[in-house]
Amino acid sequence: MPAPLNASALQAGALISNTRFVIPQFQREYSWQTDEVVDFWSDLSASVETGDYFLGLIILTEDEDIKNVVDGQQRLVTLTLLATALFFEAKELGRKALADRIEADFLRSIDYDTDEKKPRVILSDPDDNKTLQTILDTGEVPQADLLEDTVSFRIVQSFKYLKQKLKSDLKNDAFKRLGKWADFITNQLYFAVFIHPDAA
């Protein structure tokens with residue numbers, strides 16, 4: 001008899017800060033277009049003041065210290081892009097402690113043996129992963145021309161939209177608002193998490 005799925009509700013910060021994620025080759029590519037990202041931003045920005053928001057289901061399999069994302073990569077990648085925008089806004093405002101916390105919780109883990117920082121979210125396609133990691137490293141989109149309707153193009157468009165909306169949202173009392181956003185995505189944003197016992 002197969003083992004039952006292990007289900008739990010987890011805060012996004014608790015989920016992401018404890019592991020690294022790989023989007024396997026066999027999974028659907030990052031496919032969100034502008035409409036989905038607009039909805040994502042609208043839902044989250046409306047909930048910053050009101051509190052808890054449920055991001056939906058994420059299904060994972062475990063492979064040593066990495067989890068493979070079977071379902072939920074659209075939300076996970078988009079949340080990573082939002083966290084990246086928050087990280088660079090915190091750096092720009094001189095909020096080093098907050099920037100360090102966002103980086104540790106959402107963007108990079110640390111190898112305790114080597115001090116090497118490793119990305120928390122990895123795409124299995126090398127070109128698309130390079131696009132994502134460039135955004136995480138620089139807070140800017142790659143300068144190379146990207147073909148429309150590719151994963152890299154959609155990631156770039158999503159980040160540009162989220163970065164622009166966040167900058168606009170932070171115009172009034174940016175210091176306080178940035179802290180509220182960081183607290184919200186860490187402690188008030190939830191996933192329903194299913195960890196499948198079979199990694200195959």
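Mentor: This is a predicted model, in which local features need pLDDT of at least 70, side-chain atom pairs count only at pLDDT 80 or more, and totals for chains, interfaces and linings use all residues. Residues are numbered from 1 along each chain as its sequence is written, and side-chain values use heavy atoms, with hydrogens and water left out.

Trainee: Which residues in H4 meet which residues in H7?
Mentor: Contact means heavy atoms within 4.5 Å, and helices are DSSP runs (H or I, at least four residues), numbered from the N terminus. Here Leu 98, Ile 102, Asp 105 and Phe 106 of H4 meet Leu 178, Gly 179, Ala 182, Ile 185 and Thr 186 of H7.

Trainee: At what angle do H4 and H7 pack?
Mentor: Axes are lines fitted to C-alpha atoms over the stretch in contact, and angles run from 0 to 180 degrees between N-to-C directions. Helix H4 (residues 96-107) and helix H7 (residues 174-188) pack at about 20°, with axes 11 Å apart, which makes H4 roughly parallel to H7, a label for angles under 35 degrees.

Trainee: How do H3 and H6 cross?
Mentor: The axes of helix H3 (residues 73-92) and helix H6 (residues 151-169) come within 9 Å and cross at roughly 45°. That makes H3 oblique to H6, the class left once angles under 35, over 145 and from 65 to 115 degrees are set aside.

Trainee: Which residues does H3 bring to H6?
Mentor: Among them are Leu 81, Leu 82 and Glu 89 in H3, while the H6 side includes Phe 159 and Lys 163.

Conventions: Helix = DSSP H or I, 4+ residues; strand = E, 2+ residues; numbered from the N terminus.
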